Amino acid sequence: MSQYSGIGVSPGIAVGAVRKILGQKVTSEISGTLEEVLAGLKAVGAQLEASSEKIDLEVAKDILAAQAMMANDPSLAEVFENILTAGQRYSDVRPLIEEAFAGFKNTLSALGGYFAERVSDLDEISIRLLSHLAGVKITKLVLTEPSVIVAEDLTPSDTATLDLKFALALVCSKGGATSHTAIVARGLGIPAIVGATGVMDISDGTQVLVDGRSGSFILEPSQDQISNLRKREDALKSRSESVSGPGKLSDGTAIQLLGNAGTVEDVHSAMKVGAEGIGLFRTELLFLNSRIEPTISEQVELYSAVFEAAKGRKVVIRTLDAGSDKPVPYINAIHEENPALGVRGWRLTRTSNDVINRQLEAISIAQKSFDVWVMAPMINTPAEAEDFASRSASFGLKNCGVMIETPAAAIHADKVLAKVRFGSFGTNDLTQYVMASDRMDSRLSDMTSAWNPAVLRTIATATMFAKELNRPMGVCGEAAAHPHLAAVLVGIGVDSLSMAPSAIGEVRGFLATVDLKTCREAARLAQAAESAKEAQSLVVELLGE
Amino acid sequence: MPSQVVTVASKVGLHARPASLLVKAASASGVAVTIGRPGAKAVNAASLLSVLSLGVKNGDAVEVNVADGENSAQVLADLVAIILTNHDE
């Protein structure tokens, strides 16, 4: 196969050599003896120790050091001694190796929380051991030259430990439009494709052409293919560079364009492209990068830096949204059968109430005279909204609002929004919950698009209530970053759009070509369609490419 | 055979850094050390995987046993000190 396709989730063109991350699973039979397995474990331990010493990032250093200890673990060696007979050659040791790891993996999984997190360390050691026995070199974490990163999926903790400065593009065989890979790539401003089944079969070093807009991925591309795609991409890009300043439609209607951010650098990037503020500051990264809860003073330091970087413009800061696809081991310590429907976001007040209160305290200390808006994730009921509002008030945080990201909150928005000052649609989770489709499951990618008329109707219902209550409504999901969908959301009646800084230029340029009347017509057509695909094609037909 | 029952002080329990420190100290002691919940099956304290598998949380009690040897008492005191320290601060 010379061409693969997936979902383009971050536009741009990249040409480069493939570098595969993780999961270079050896599938052939691997012959071996007990002695070779034990020597292999020692070698893996030494590899991991060496990487741990080499790497600068503190979190990665600790993880690698702990993995090295596990590879050298006397109990693991003992299990192998029980399973394999000394001096005997096995034609395939893989199943025996898997059996040896399974015992520890099952015990740790059953303990849940941060103990269960260690299962991934054992997987890492097991993959390295099999590769060592098969004589295959494993590559992870360390990139030395610009490459197209190909992986099954990149988790938030991968992206926290991966050196992304050499990443030309990200391509994942799994994941949907709202997976973390998409969010990270948009944040970095590099092309990305997810759900590209089969790409893990491509060998390292193959030259590829990645089109993060259409989702196509071409092996050994010709010069013509490269220049044609580049030309088309440049034409679309120039539109985004032709307009600057605050967001507005061709008839002058103002639409506030804000940036999504997770770090101080993201805030700088947003300001650089002329964002009118930060519409979503995610506070998870500080918690994910730490093995224990960050102290109030550590939090104050980060939040102050964020407010400073925004130069007095509005910053919407979201309280910790740990759980579901972003588990923080020391907070989400209980194993959940169904984490997307479990204790996550604001629901953490049920289990880690003090953590949320300490965070609100830190925000209130950092607030000073900055334009700070606080927002709670996963608010489902009026009572939860009221609880958040009264806590915010007790910390002197006046501008409080809620994410509308569950069907319950959207349908009940007349009561939910009455308790607070503003709302913001989290379209990624709202889509997942309205469509009852896991956003990580690439087999359901048609269901996990915010173009689904059912999702747009849900947004329209809540926006209607917000208008009656005179509450500003924003969108801070990935939907806001898609120019045509942004026009539909404006037509539905949202007041602001917050997106990855890299998408702002393109959305600003596109919105400048349409008026409010046309946006309303686009919104009507999309909501009347039967499918996401039909909605999108009707709108593209109306508004042009 | 010196032994002592102690309460785990670290917020994360015997996990991450506290567990690594304990395992390193037990391996370096040169004496056989076991750890377990009082009255339950004890495991090799020089094995990170075994220690993690105990699933010991903050505030849980554990019993440390050090095999007889020249430094047994000192080794036990050192290990107990590690468990009684909150390494998260």
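This is a predicted model: local features need pLDDT of at least 70, side-chain atom pairs count only at pLDDT 80 or more; totals for chains, interfaces and linings use all residues.

Trainee: What makes strand β15 (residues 400–404) of chain A largely enclosed by the rest of the structure?
Mentor: A residue is called buried if 20 or more other C-beta atoms lie within 10 Å of its own. In β15(A), 5 of the 5 residues are buried, so the strand is largely enclosed.

Trainee: How do you know that β15(A) and strand β14 (residues 372–376) of chain A pair?
Mentor: Pairing requires at least two bridges between two strands. β14(A) and β15(A) have 3 bridges, in the parallel sense, so they qualify under that cut-off. Within this pairing, Met375(A) has Gly401(A) as its bridge partner. On the way from β14(A) to β15(A), the chain passes through helix α14 (residues 382–394) of chain A, in a right-handed β-α-β crossover.

Trainee: And which residue of strand β16 (residues 422–425) of chain A stands opposite Ile404(A)?
Mentor: That is Phe425(A). β15(A) and β16(A) are also parallel, with 4 bridges between them.

Trainee: Turning to chain B, why are β1 (3–7) and β3 (43–44) called edge strands?
Mentor: The order in this open sheet of 4 strands is β1-β4-β2-β3, with antiparallel pairing. Each of β1(B) and β3(B) pairs on one side only, and that makes them the edge strands.

Trainee: How many bridges join β1(B) to strand β4 (residues 61–66) of chain B?
Mentor: There are 5, and the two strands run antiparallel. One of the bridges links Gln4(B) with Val64(B) in β4(B).

Key
Residues are numbered from 1 along each chain as its sequence is written. Chains are lettered from A and ligands numbered from 1 in the order in which they are written. A residue is buried if 20 or more other C-beta atoms lie within 10 Å of its own, exposed if 12 or fewer, and partly exposed in between; C-beta atoms are placed from the backbone. A crossover is right-handed if, with the strands pointing away from the viewer, the path from the first strand over the helix to the second runs clockwise.
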